[in-house]
Amino acid sequence: LVQISGLSFESANNFAKQTSLLAQAEGAAPNAVIRDIAESSEMIAKFTGMTPDNLAKAAIQANKLGLTLKDIGTTAEGLLSFQDSLNKEIEASILLGRDVNLQKARELSLAGDLEGLAVEITKQVGSQADFEKMNVVERKALASALGLNLQSLNKIVMKEKEQVTL
């Protein structure tokens with residue numbers, strides 16, 4: 001944070017404390033969120049429009065999904081490869097027999113809104129029941145359309161189930 005955001009050491013410490021408290025309030029793991037931010041300097045540099053507050057919220061949202069900022073950033077980059085992303089979106093829609101619309105996800109990616117993108121991803125995944133009805137080809141197509149691997153997509157579904165249970 002000191003190097004990337006230009007924060008003073010004291011401000012960075014205050015940011016870490018506030019982020020930890022916010023993570024606890026949101027039901028995310030504070031240490032994992034802070035570690036994710038520390039390990040995601042390259043992704044943060046790519047999305048330079050992110051303020052420290054937005055960065056914290058994006059890291060918390062990613063943690064709640066069982067992902068990291070790097071995972072969300074990779075998804076954003078994939079969505080910004082427009083032609084490839086549109087082809088994968090159409091393929092997923094055909095295989096799933098439902099409309100997979102990633103327009104909002106692309107807009108959020110272009111704006112550098114990783115928190116909003118994480119939320120949008122969960123909308124596109126659907127419920128655990130929907131996911132369990134899919135065969136392996138359908139799951140792979142949805143994961144590919146979202147710029148995720150199957151393991152990450154499964155994490156999102158399992159975290160959704162965990163949050164419903166809680």
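In which helix does K64 lie? K64 lies in helix α4, and the close-up views below, taken from a predicted model, include this residue.

**Figure 1. The protein chain is made of helices.** The chain holds eleven helices and zero strands. Of its 166 residues, 39% count as buried. Among contacts between residues at least 6 apart in sequence, 62% join residues at least 24 apart.

**Figure 2. Helix α1 packs against helix α4.** Two packed helices are described by the angle between their axes and by the distance between those axes. Helix α1 covers residues 9-26 and helix α4 covers residues 52-64; the angle between them is about 35°, and their axes are 10 Å apart. The crossing of α1 past α4 is right-handed. On the α1 side, the contact is made by F15, T19, L22, A23 and E26. On the α4 side, P52, D53, A56, K57, I60 and K64 take part. The residues of this contact comprise six nonpolar, one polar and four charged.

**Figure 3. K64 of α4 meets E26 of α1.** K64 belongs to helix α4, and E26 is among the α1 residues in the contact of the two helices. The side chains of K64 and E26 are joined by a polar contact of 3.0 Å. Is K64 buried or exposed? Its relative accessibility is 17%, and because buried means under 20%, K64 counts as buried.

Figure 4. Helix α8 runs over residues 114-125, which makes twelve residues. At 1.5 Å a residue the helix should span 16 Å, and its end C-alpha atoms are 17 Å apart, so the two values agree. The N-terminal end of α8 is capped by D113, which has a side-chain oxygen 3.4 Å from the backbone nitrogen of E115. Just after α8 comes G126, with a positive phi of about 90°. The buried residues in α8 are L114, G116, L117, A118, E120, I121, Q124 and V125.

**Figure 5. I121 is a buried residue of α8.** I121 lies in helix α8 and has a relative accessible area of 1%, so it is buried. Which residues does I121 touch, not counting residues up to four places away in sequence? They are I72, T75, L146, L148 and I156. One of these, L148, is 27 residues from I121 in sequence, and the C-alpha atoms of the pair are 10.0 Å apart.

Figure 6. L79 is placed in helix α5, which covers residues 69-79. With a relative accessibility of 1%, L79 counts as buried. Leaving aside neighbours within four places in sequence, L79 is in contact with S85, L102, A105, R106, S109, L117 and A145. Of these, L117 is also among the buried residues of α8. The C-alpha atoms of L79 and L146 are separated by 7.3 Å, although the two residues are 67 residues apart along the chain.

Figure 7. L110 is found in helix α7, residues 103-111. Its relative accessibility is 63%, and because exposed means over 50%, L110 counts as exposed. L110 and L79 are 31 residues apart in sequence, and their C-alpha atoms are 8.7 Å apart in space. L79, in contrast, counts as buried at 1%.

Definitions and conventions:
Residues are numbered from 1 along each chain as its sequence is written. This is a predicted model: local features need pLDDT of at least 70, side-chain atom pairs count only at pLDDT 80 or more; totals for chains, interfaces and linings use all residues. Side-chain values use heavy atoms; hydrogens and water are left out. Helices (H or I, at least four residues) and strands (E, at least two) are DSSP runs, numbered from the N terminus. The expected span of a helix is 1.5 Å times one less than its number of residues. Buried means under 20% relative accessible area, exposed over 50%, partly exposed in between (1.4 Å probe, protein chains only). A polar contact is a pair of N or O atoms within 3.5 Å; within protein, one must be able to donate a hydrogen and the other to accept it, and residues adjacent in sequence count only if both atoms are side-chain atoms. Axes are lines fitted to C-alpha atoms, for helices over the stretch in contact, and angles run from 0 to 180 degrees between N-to-C directions. A crossing is left-handed if the near helix is turned anticlockwise from the far one by less than a right angle, and right-handed if clockwise. Contact means heavy atoms within 4.5 Å. Ala, Val, Leu, Ile, Met, Phe, Trp, Tyr, Cys and Pro count as nonpolar, Asp, Glu, Lys and Arg as charged, and the others, Gly among them, as polar.
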